[in-house]
Amino acid sequence: MAVDIQPACLGLYCGKTLLFKNGSTEIYGECGVCPRGQRTNAQKYCQPCTESPELYDWLYLGFMAMLPLVLHWFFIEWYSGKKSSSALFQHITALFECSMAAIITLLVSDPVGVLYIRSCRVLMLSDWYTMLYNPSPDYVTTVHCTHEAVYPLYTIVFIYYAFCLVFMMLLRPLLVKKIACGLGKSDRFKSIYAALYFFPILTVLQAVGGGLLYYAFPYIILVLSLVTLAVYMSASEIENCYDLLVRKKRLIVLFSHWLLHAYGIISISRVDKLEQDLPLLALVPTPALFYLFTAKFTEPSRILSEGANGH
């Protein structure tokens, strides 16, 4: 095969784009930025992203998709209180919004029209921050080679958040206006207003810390799920199994946290060795059982009452 010989590319992410191919002859352009959907290989040629995302990549995308849903549910519960019977419908609507946004995001991604994406493999942390690796051959002129080396794991999250926001603005105000009669006019839309704040925050978080989140999200899930479960059980004054079983809502919260525990464990282990990693899921109920066995020594209800009395 005849290949057009040109000077080697400088920089970690600069590459040569294929301009012409005729049989065994390939002609490449000058060293520069790779087109969207491509990244450089070891020989500094831009190659299309044709691989399937790994399980860990899907788990990362699932984590980023869960963030707005969990925040929706939290603020719906926070502002609905005990007065309103509309919380359940708002929870279902938020789930529908995020689900539809995820499906449409996959459908509009390459290849278009199927629930499947092609991607480039993440090799190292710097793949997420190619803008930091633009070379300056003469220390004066900068060769701009910034592109999405982790295509499409970086930009697909922004597309998903945009669809989430659109669906929320189309569906939620109508639903809240119809069924949130138990709340005052100023309280009805507070969960929606909260979303208008946390979506920009999530967007900045992905833009700045996407690469860090990619490597840290399994541990973030485990730590936050453990902390929130302990806080919820202590705030609800759950000290034994009967307190846990007396309300369905408490069981739903418990099982939800167990799912998060399992999600974090699977993400950490990546299920590389199935027969070794699956038994780790038996650890999922351990934090809740540990809390129930030790609650009688700490007496959360006494601590809460003393805190309320200012002691």
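A salt bridge here is a side-chain nitrogen of Lys or Arg within 4 Å of a carboxyl oxygen of Asp or Glu. Keep in mind that the model on screen is predicted. The whole structure holds seven salt bridges and four disulfides. This tour visits some of each.

**Stop 1: arginine 36 and glutamate 148**

Select both residues. Their closest N and O atoms are 2.8 Å apart, and they form a salt bridge. Arginine 36 sits in the loop between strand 3 (25-32) and strand 4 (38-40). Glutamate 148 is in the loop between helix 2 (87-108) and helix 3 (155-179), 112 residues apart from its partner. Now show the surface. Arginine 36 is exposed, at 56% relative accessible area, whereas glutamate 148 is buried at 13%.

**Stop 2: aspartate 127 and arginine 39**

Next, select this salt bridge, with closest N and O atoms 3.3 Å apart. Aspartate 127 lies in the loop between helix 2 and helix 3 and arginine 39 in strand 4, so the pair ties together parts 88 residues apart in sequence. Both aspartate 127 and arginine 39 are buried.

**Stop 3: glutamate 51 and arginine 121**

Here the closest N and O atoms of the salt bridge are 3.0 Å apart. Find glutamate 51 in the loop between strand 5 (46-48) and helix 1 (55-80), and arginine 121 in the loop between helix 2 and helix 3.

**Stop 4: the disulfides**

Switch to the cysteines. Cysteine 9 is joined to cysteine 31 by a disulfide, S to S 2.1 Å. The torsion about that S-S bond is about 135 degrees, so the disulfide is right-handed. Cysteine 9 is in the loop between strand 1 (2-3) and strand 2 (15-22), and cysteine 31 is in strand 3.

Move on to cysteine 14 and cysteine 145, bonded with S to S 1.8 Å. This link spans 131 residues, and both of its cysteines are buried.

Then pick cysteine 49 and cysteine 120, a disulfide with sulfur atoms 1.6 Å apart. At -75 degrees about the S-S bond, their link is left-handed.

**Stop 5: cysteine 98 and cysteine 164**

The cut-off for a disulfide is 2.5 Å. Cysteine 98 is buried at 5% relative accessible area, and cysteine 164 is buried at 1%.

Key:
Residues are numbered from 1 along each chain as its sequence is written. This is a predicted model: local features need pLDDT of at least 70, side-chain atom pairs count only at pLDDT 80 or more; totals for chains, interfaces and linings use all residues. Side-chain values use heavy atoms; hydrogens and water are left out. Helices (H or I, at least four residues) and strands (E, at least two) are DSSP runs, numbered from the N terminus. Buried means under 20% relative accessible area, exposed over 50%, partly exposed in between (1.4 Å probe, protein chains only).
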